[in-house]
Amino acid sequence: MKIICIGRNYTDHIKELENEKPTDPVVFLKPDTSILLKKQPFFIPDFSNDVHHEIEILVKINRIGKYIDKKFAHKYYDEIGLGIDFTARDLQSELKSKGLPWEKAKAFDGAAVVGKWLSVSEVKDVNNITFSLKKNDKIVQLGNTSHMLWKIDELIEYISKYFTLKIGDIIFTGTPAGVAKVIANDKLKGYIEDKEMFSITVK
Ligand code: ZN
């Protein structure tokens, strides 16, 4: 399986990092080895002093597809999840300034937190999902999928022009504002509405 991530999909987050608003979705990949194993803590890698949390809604692909029209995109997933796209911001800034790929900053071991899954029928409207991240019991990121620049079905249309989507692939749909550094002993809990989707400790 592969993980396809979308960058800069919420205006408030584009502003906080002083990035330009893209004319097309920003797309990058993470390998399966980046998934944080269940019940394991997240270890801050020794090559970064500024790892940020990015809370994101996830979509799990359930059919193989290529060149999927957005009208039919809803047939390619029936589960929605929540995760964290951990980002070594210091390393990413260095790579960005040199025009180099971001993988070392985004695709390292443990950099993809994948929480529980909900069926699409449980979330009702995928374009109106409220989600949040609590750090040490305080809400630090709060988003709603209605604020995405590209909605889930549009992302599937766009991504599938470039990559065949396969069963089990996961799309990270971008983060809202509030990204910030994590430090040892932080407790991170993710929520869709009031349902807890994951709980991890930083080491
Ligand atoms: Zn992200």
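Student: How far apart are N and O in the salt bridge where the side chains of Asp69 and Lys71 meet?

Tutor: This is a predicted model, in which local features need pLDDT of at least 70 and side-chain atom pairs count only at pLDDT 80 or more, while totals for chains, interfaces and linings use all residues. Residues are numbered from 1 along each chain as its sequence is written, and side-chain values use heavy atoms, with hydrogens and water left out. A salt bridge is defined as a side-chain nitrogen of Lys or Arg within 4 Å of a carboxyl oxygen of Asp or Glu. For the side chains of Asp69 and Lys71, the N to O distance is 3.8 Å.

Student: In which element does Lys106, the partner of Glu54, lie?

Tutor: The side chains of Glu54 and Lys106 meet in a salt bridge with an N to O distance of 3.2 Å. This pair links distant parts of the chain, 52 residues apart, with Glu54 in the loop between S3 and S4 and Lys106 in helix H3.

Student: Which residues coordinate the zinc ion?

Tutor: Donors are N, O and S atoms within 2.8 Å of the metal (3.2 Å for Na, K and Ca), and because water is not among the atoms, sites may look incomplete. The donors follow the spacing E-x1-E-x28-D along the chain. Glu54 is buried, with a relative accessible area of 4%, and Asp85 is buried at 0%. At 2.0 to 2.1 Å, the zinc ion is coordinated by Glu54 (OE), Glu56 (OE) and Asp85 (OD).

Student: What is the angle between the planes of Phe28 and Trp102?

Tutor: Rings of Phe, Tyr and Trp (its six-membered ring) pair if their centres lie within 6.5 Å, and planes under 30 degrees apart count as stacked, over 60 as edge-to-face and the rest as tilted. A search of the whole structure finds seven such pairs. Phe28 and Trp102, at 5.5 Å centre to centre, form a tilted pair with planes at 55°.

Student: Where does Trp102 lie?

Tutor: Both Phe28 and Trp102 are buried. Phe28 is in strand S2 (residues 26-30), so the pair ties together parts 74 residues apart in sequence, its other member, Trp102, being in the loop between helix H2 (89-97) and helix H3 (103-106).

Student: What arc around the axis do the buried residues of H2 cover?

Tutor: The buried residues of H2 are Arg89, Leu91, Gln92 and Leu95. The arc is that of the directions from the helix axis to the C-beta atoms. These residues lie on the same side of H2 because they cover an arc of only 160°.

Student: What does H2 pack against through its buried residues?

Tutor: Contact means heavy atoms within 4.5 Å. By this rule the buried residues of H2 pack against helix H1 (11-16), S3, strand S6 (87-88) and H3.

Student: What is the phi of Arg8?

Tutor: Most residues other than glycine have a negative phi. Arg8 is found in the loop between strand S1 (3-7) and H1. Although Arg8 is not a glycine, its phi is positive, at about 50°.

Terms used. Buried means under 20% relative accessible area, exposed over 50%, partly exposed in between (1.4 Å probe, protein chains only). Helices (H or I, at least four residues) and strands (E, at least two) are DSSP runs, numbered from the N terminus.
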